[in-house]
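Take a look at the fold below.

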Amino acid sequence: MTYSLSQLIIYPIKSIHGIALQTSQVNEAGLLGDRRYMLVTPDGDFITGREHPTLTLIKAKQLDDNSWVLSHPSTDTELTLNQAHLSDEHKGVVIWEEHLQGQVAKSEVNAWFSSIVDKPVEPRVLWR
């Protein structure tokens with residue numbers, strides 16, 4: 001049996017608009033830069049584009065391996081997301097029925113995403 005790859009798309013944050021790539025590096029967590037961030041409620045339950053379709057309108061431009069500039073049509077304010085925008089705090093994240101720890105973003109990052117989703121949410125980084 002022969003397999004072929006027709007597209008290579010990463011989603012830096014679960015459920016946002018995808019980024020088409022020509023090539024990618026792969027590590028133990030998967031494609032480099034793919035789904036390292038996710039949005040969660042204050043209780044740690046993840047949210048998706050199925051529940052909040054406006055998430056799929058967030059576009060990301062990669063500045064370097066660990067920095068992204070995010071935009072959304074509902075705001076003129078772009079958000080740069082990188083290690084400097086993360087706190088030292090880690091909180092629980094529930095993905096399906098798996099309990100993990102995710103690094104919490106700082107309040108200004110949470111505010112940007114919350115204004116788009118129109119409810120309190122927090123991006124969390126999963127370092128796998």
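A nonpolar core is a set of buried Ala, Val, Leu, Ile, Met, Phe, Trp, Tyr and Cys residues joined through side-chain atoms within 4.5 Å. This is a predicted model. Its largest nonpolar core has 23 residues. Ile13, Tyr37, Ile58, Trp68, Leu70, Trp112 and Phe113 touch the most other members. Strand 5 (37-40), strand 7 (67-72), strand 8 (75-81) and helix 1 (107-117) each give two or more residues to this core. Helix 1 gives the most, with five residues.

Take Ile58. Leaving out residues up to four places away in sequence, Ile58 touches Ile16, His17, Leu70, Ser71, His72, Trp112, Phe113 and Ile116. A second, separate core has six residues, including Val40, Val93, Ile95 and Leu126.

Four of them form an open sheet in the order 5-11-10-9, with antiparallel pairing. Strand 5 and strand 9 (86-95) are the edge strands, and each pairs on one side only. On average, neighbouring strands of this sheet are turned by 45° against each other, direction ignored. Strand 10 and strand 11 (residues 122-125) pair over two bridges. Gln103 has Val125 in strand 11 as its bridge partner. Helix 1 lies across strand 5, strand 10 and strand 11, and runs at about 120° to strand 11.

Finally, look at Val104 in strand 10 (residues 98-105). Why does Val104 count as buried? Its relative accessible area is 4%, and buried means under 20%. Beyond residues up to four places away in sequence, Val104 touches Leu86, Ser87, Glu89, His90, Lys91, Pro123 and Arg124. Val104 and Pro123 are 19 residues apart along the chain, yet their C-alpha atoms are separated by 6.5 Å.

Definitions and conventions. Residues numbered from 1 in each chain as written. Predicted model: local features only at pLDDT ≥ 70, side-chain atom pairs only at ≥ 80, totals over all residues. Heavy atoms only, no water. Buried < 20%, exposed > 50% of the residue type's maximum accessible area, 1.4 Å probe, protein only. Helix = DSSP H or I, 4+ residues; strand = E, 2+ residues; numbered from the N terminus. Contact = heavy atoms within 4.5 Å. Pairing = 2+ DSSP bridges. Axes fitted to C-alpha atoms, helices over the stretch in contact; angles between N-to-C directions.
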